[in-house]
Amino acid sequence: MIVALFWVLAVLAAASGFLVFRLASMARVTIALLVSFLAAGGLVILLGLAYLGVVVILMMVIEMIIMAVFMIAYMMQPAGLGSMAMSMSHNQRSAAAISAAAFVLLGAGALLAPWPHRAGPAPGNPTFQLGKTIMGPQMLTMIILGLVLLAAMVGAVVLALNRGRYDRFGDDLKQRPPADPARGGIGR
Amino acid sequence: MNWPRQEWERLMVANAPPWAVLLVPVILAGFAFAAAAADGILTARAAGGRLTGAVAAAPLAEVARLLTGQRRVTPAEDRVLWRSGLIAVPVAAALAAVVIPFGSVTVSRMSVGVVWFNAMEVLTWAAVWVAGWGANGTLSLVGGYRFVAQGLAYQLPLMLALICAAAGAQSLNVAQVVTAQAHVWFAVWMPAAFAVYLAAVYAFSFLGPFSYPAGRDLAGGVMAELSGPDRLMLQAGRWLLLTAGAGMAVPLFLGGGAGPLLPAWVWSAVKTLAVLAVLVWARRRLPTIRADRYAELAWVVLIPLTIVQALVVSLVVLTRGGVQL
Amino acid sequence: MGLTQALLRVGAARPHVMIVSVPGGTAVRLAAVAELRRRGWPAALSPADADVLLVAGAVPKDLDDPVEEVWRAVPAPRARMQAASPDEVAAVLDRAGSLAGDLSRQRAALPVPRDPPDEGEGPQAGGGPAGMQMPGGTDMPGGMDMADEMGMAGGMDMAGGMGMAGGLPVASRGEDRDGLKLDQLHVPLGPFLPDWPAGLVVRVTLQGDVIQHATAGFLGVTGAGRSYWYEPWLRAAAGDGADADEAARRRLASHLDSLGRFLAVAGWDLAAATARRLRDESLAGAPAATLEPAIRNFARRVGRSRVLAWATRGLGVLTPGEAVAAGVGGPALRAGGDVCARYRQWCAEVAEAAAVLAGRSPTDPGMLEGPRGPLAGQSAPSAGLVAVLPGLLAGAEFAAARLIIASLDPDADELAPAGVGAAHGG
Amino acid sequence: MTLQLFLLLAAALFAIGLYGALSQQAIVMIMMGLELILNGVIIAAAAFWHYLAPGMASGQVIVVVVVVAMAVEMAVGFAVTTAIYRARDVSMTDEAAGLRR
């Protein structure tokens, strides 16, 4: 039963991942990638990491839908209808060769490497194990991740915005309410 | 195959037989029917109509009507995505309900039930957006996008509200969240989290004040192009989501099946019905809250509010004897 | 087959009815709505949800095609009915119910014609598929961007300008408020959206759900300037004798009708249902003594709602100066502000009219003007309301635009057919 | 079901993602390729944790880091796309390369 589940999820993950670069409609592309992630999340759960698996599912749904919004906004012909669905790829052949080589290399490594045996028993609760680790020995990792996330958020907003505070509040920053195209919900 | 047994137990352990999984959608649908019937009665009363047995049975008649209805076909629709999105909504509701304990019986007592519930509810993001997209209609598409906008507003406060309950119990396991409320319900000392959670229940089932994605101004939004069985899927999905949300409020904030005299499952049912009654009663009493207004409120007021709530919960847990691992 | 027939019967016992209201059909519409409520039959929001299409009133010639399009979008089992006068409504609905529940007749009518992929220019049914294929516009799965906060700004993108894809025209692009050149859709709103003024067609250029440009006008104006809501004033003008009581009642009902529409668009179902019930009661001649407290109660609750005010503040600001310049009179001028001010003005006037009815305010028939403003001017009050729409709608998001239109609620029947003009702007 | 099987799947996802990242022109499609690569990394890390060292949380921490990396990649990637699109009206790498001239 578990083996069958593995095969189903594995094939689903790889096949829908492949479909990402074969489908024309941007909505279908994103949903295909989402299916690949959902299958991967299922596999992570299968490996005993329930928390991380469910988090992968949760995060990827949100991420992919936001991705779909941007994909459709910026892509030509997002619906991929008719003959207008032009090819938007380049050096297909060399890309295929390189990635095939990468697969062979990685696959050979996976099959030929002398993997050690399982060291130590599984923890009583892997979620607690993760929590204790990132709040303990791996605290530095978490702090750095937090800073990176913060920097990414600030950087992304700065890059994406076309209106600065002088546009919103006027040259002397005194204009109230700010000149926003739509009013927000807290009385500004 | 060296699968350590205890890992699977943590994941799948149920104190119900495996076939009970099949009961989850049935029980959920039963509660949803009750809610929809109550809603119909309230609608009829507000309009000044007569209250008859037919009004109460209207949800059943509606199912019959939609089952015989013809499916709508629109030009250049994306049928595969459209239909799968529609089916995904009730499926997500049923999957989310798997971790809800009914009395002392749970179909899945997985160790991460709270996160599971959240993840299954988030599936509606993809499902509703795709349902809006697939129909290839302006109003339907705008409705689908509205759900994403609404999701960006409600999701983070909801997550933080769930974190409050989990932190209070020091566990992501729903059964342990219930156990942790043996003395005081979480609703009592986490009122902000409870209120945010209830608002989010409306939001993810896009009913009541959060029916923005299916608003009247959009002639039904994501529902605008749906007829027959397709419409049944999404309409049922909304009510099932509302019911699942109400059902989950009971173990998270209202002490689960705990209560005097009556058996636990009766208490679970009574509390679920009470939450549903409040949700159904209040749903017509507020205007639609548009995402362009709610997003700012959620990010500027509700997220800090729930963070403070989580902080308070953590401090209480620490002072009450610290973390037991 | 027995099962299908049985299910069909059960469903047809409570069919969803889409009322198509056309100019000149106000009285029939009111009768139909009241009859639906009496039977407990739900009103369909879009053709896809409808079993019965009830055309309220005689269809003017230029609305023939739009009605036909809506009908094409109604899935089987279905029945199309027409009620020319308020008295017919009950009988027509009876027939509709039995028709929708008749398996053999429904089978005979199948298949329902599919929508042709391209419909060309023309006003379209809002909820229908028809409203969906953008005439002169696009192939729909064009999307929007989320660049501007969470508010769904943005546009449908399909770079490359015009062209055809899959038999559908492709969107063009244009500047938007985020400085991104994303796709534009040209969408006609109306004439048959739920809670929408009869005959109104607003052609909008949408980017995402932001309206960039709008033109507004009426289709099918046949009323010869005889609006249902102005009947007492028209009679008075014709010298038939002014009945102050009747005028107050009609104005009350008119405002309640507008309020019901506005509250429904705002998604406040309970208040909308109350407004409509009170409207029908006041038209049916309920005694003022029972009507007045209920209306005062309702007006206070709606007028003081903080959530509704929060949701509508700052939308569609119409200053008194602009209003006068456009020829807007009546409550929209007196409110002199945003959507919130306008619905509050209605609430105040509703309470006032109820007080007049109950004899608690001095009655002077000359003082009480028509529901949308005085008829004295050279153009009908609603002509001014339509004229200000393009300016108010430009830059508004879809939901805000619906609220703005509902807060003005122009009435096609005030206009004489000759005076049909489309307002432009944006 | 063995470690090798999981690693083969991870390698397959990695290779597909690499193919996409190399062959696609649209920035958003390249990001899809990167996400697929990271998807492979997630599976590999979880498999390593399960089969090699479940006693240590390192495998889990890698998964957390990768998930965060995905979020960062998304946020910055779309911000860059938005900025380029606004400035030059392009969303393709080949066209963006032309902007230098």
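1. **Chain D against chain A: area.** In this predicted model, chains D and A bury about 6,500 Å² between them. Carbon and sulfur atoms give 79% of that area. The contact involves 70 residues of chain D and 81 residues of chain A.

2. **Chain D against chain A: polar terms.** Zero salt bridges are counted between chain D and chain A. Polar contacts are present, with 12 residue pairs counted at pLDDT 80 or more for both partners. Four elements of chain D each give two or more residues to the side that touches chain A: α1 (3-23), α2 (27-51), α3 (58-88) and α4 (93-98). The largest share comes from α3(D), with 21 residues. By residue class, this side of chain D holds 52 nonpolar, 14 polar and four charged residues.

3. **Chain D by itself.** Chain D has four helices and zero strands. Its pattern along the sequence is α-α-α-α. The chain has 101 residues, and 65% of them are buried. Take the contacts in chain D between residues at least 6 apart in sequence: 65% of these join residues at least 24 apart. The accessible surface of chain D is about 3,100 Å². Carbon and sulfur atoms account for 71% of that surface.

4. **Chain B against chain A: area.** Here the buried area is about 3,400 Å², with 77% from carbon and sulfur atoms. The contact sets are 40 residues of chain B and 40 residues of chain A.

5. Asp78(B) pairs with Arg28(A), and the closest N and O atoms are 2.5 Å apart. The elements of chain B that give two or more residues to the side touching chain A are α1 (5-12), α5 (79-97), α6 (113-134), α7 (138-169) and α13 (291-319). Of these, α6(B) gives the most, with 12 residues. The residues on this side of chain B divide into 28 nonpolar, six polar and six charged.

6. **Salt bridges overall.** The structure holds 33 salt bridges over all chains. One of them joins Glu68(C) and Arg80(C) at 3.1 Å, N to O. Glu68(C) sits in helix α3 (residues 64-72) and Arg80(C) in strand β3 (residues 79-83) of chain C, so the bridge ties together parts 12 residues apart in sequence. Both partners are partly exposed: Glu68(C) has a relative accessible area of 32%, and Arg80(C) has 34% relative accessibility.

7. **A bridge within one helix.** Glu246(C) and Arg250(C) meet in a salt bridge at 3.5 Å, N to O. What separates the two along the helix? They are four residues apart in helix α7 (residues 244-265) of chain C, which means a separation of about one helical turn. Glu246(C) is partly exposed at 28% relative accessibility, whereas Arg250(C) is buried at 9%.

8. **A bridge between helices.** Arg279(C) and Asp257(C) form a salt bridge, with the closest N and O atoms 2.5 Å apart. Arg279(C) belongs to helix α8 (residues 269-283) of chain C and Asp257(C) to helix α7 of chain C; the pair links distant parts of the chain, 22 residues apart. Are the two partners buried or exposed? Arg279(C) is buried, with a relative accessible area of 1%. Asp257(C) is buried too, at 2% relative accessibility.

9. **Backbone check.** Most residues other than glycine have a negative phi. Two residues deserve a look on this score. Leu173(A) has a positive phi of about 55° and is not a glycine. Leu173(A) is in the segment after α7 (165-169) of chain A, and it is partly exposed at 27% relative accessible area. Ala219(B) also has a positive phi, near 55°. Ala219(B) lies in the loop between α10 (191-204) and α11 (228-253) of chain B. At 1% relative accessibility, Ala219(B) is buried.

Terms used: Residues are numbered from 1 along each chain as its sequence is written. Chains are lettered from A and ligands numbered from 1 in the order in which they are written. This is a predicted model: local features need pLDDT of at least 70, side-chain atom pairs count only at pLDDT 80 or more; totals for chains, interfaces and linings use all residues. Side-chain values use heavy atoms; hydrogens and water are left out. Contact means heavy atoms within 4.5 Å. Buried area is the accessible area (1.4 Å probe) that two parts lose on being put together, summed over both. A salt bridge is a side-chain nitrogen of Lys or Arg within 4 Å of a carboxyl oxygen of Asp or Glu. A polar contact is a pair of N or O atoms within 3.5 Å; within protein, one must be able to donate a hydrogen and the other to accept it, and residues adjacent in sequence count only if both atoms are side-chain atoms. Ala, Val, Leu, Ile, Met, Phe, Trp, Tyr, Cys and Pro count as nonpolar, Asp, Glu, Lys and Arg as charged, and the others, Gly among them, as polar. Buried means under 20% relative accessible area, exposed over 50%, partly exposed in between (1.4 Å probe, protein chains only). Accessible areas come from the Shrake-Rupley method with a 1.4 Å probe; for residues, only the protein chains shown count as cover.
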